[in-house]
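Subject: Structure for you to look at

Hi there,

Here is the structure I promised to pass on. Please have a look at it first, and then read my notes below.

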Amino acid sequence: MADEELEAIRRQRMAELQAKHGGLMWNQMDLVSSDSSDQQGQQEAKQRYNTEMRNSILAQVLDQSARARLSNLALVKPDKAKAVENYLIQMARFGQLGGKITENGLIEILEKVNQQTEKKTTVKFNRRRVMDSDEEDDD
């Protein structure tokens, strides 16, 4: 009886690992021949898979209002939204998040990212001195 339970736990853990790392998806992609059209299809499949994984992780991490705010940000500033998504996914992978992030929590994260990526603009005036024709007339 203990062996059966242990085997069931092993199967469950293996399924979790394969789902987490996409073991079945990657194995199927490795079986595809290396023609140029197949490579393009393989890249598209990897990209779709990565997008699905990102969306599923974000759905687990963010509540509804925070996801709405992040999608609105993605429409206006896609680079900043991508940086926030990467930050959230990184935190989720390392277990630094304690539950779903609310809209206020997302605003705090946006402020942190904004401070880190803030660009300071400086304006420098270079005034060129032109030879004054009056100086030559004085001689």
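Let me begin with confidence, since this is a predicted model. Among the elements of the chain, helix 2 (residues 23-30) comes out with the lowest mean pLDDT, 47, while helix 4 has the highest, at 92. Residues 24-34 form a stretch where the pLDDT is below 50; in the model, that stretch has 13 contacts beyond near neighbours in sequence, so please read those with the score in mind. For the chain as a whole, the average pLDDT is 79, and 80% of the residues score at least 70.

Now to the overall build. Of its 139 residues, 19% count as buried. The exposed surface comes to about 11,900 Å², with carbon and sulfur atoms supplying 48% of that area. If you take the contacts between residues at least 6 apart in sequence, 65% of them join residues at least 24 apart.

The pair I looked at in detail is helix 4 (residues 64-76) with helix 5 (residues 78-93). Their axes are 6 Å apart and the packing angle is about 140°. The cut-off for roughly antiparallel is over 145 degrees, and the two helices are therefore oblique to each other. On the helix 4 side, the contact is made by Leu70, Leu73, Ala74 and Val76; helix 5 contributes Pro78, Lys80, Ala81, Val84 and Glu85. Seven of these contact residues are nonpolar, none is polar and two are charged.

Gly99 and Gln60 are 39 residues apart in sequence, and their C-alpha atoms are 8.8 Å apart in space.

Best wishes

Conventions
Residues numbered from 1 in each chain as written. Predicted model: local features only at pLDDT ≥ 70, side-chain atom pairs only at ≥ 80, totals over all residues. Heavy atoms only, no water. Axes fitted to C-alpha atoms, helices over the stretch in contact; angles between N-to-C directions. Helix = DSSP H or I, 4+ residues; strand = E, 2+ residues; numbered from the N terminus. Parallel < 35°, antiparallel > 145°, perpendicular 65-115°, else oblique. Contact = heavy atoms within 4.5 Å. Nonpolar A, V, L, I, M, F, W, Y, C, P; charged D, E, K, R; others polar. pLDDT = per-residue confidence, 0-100. Buried < 20%, exposed > 50% of the residue type's maximum accessible area, 1.4 Å probe, protein only. Areas by Shrake-Rupley, 256 points an atom, 1.4 Å probe, with all protein chains shown as cover.
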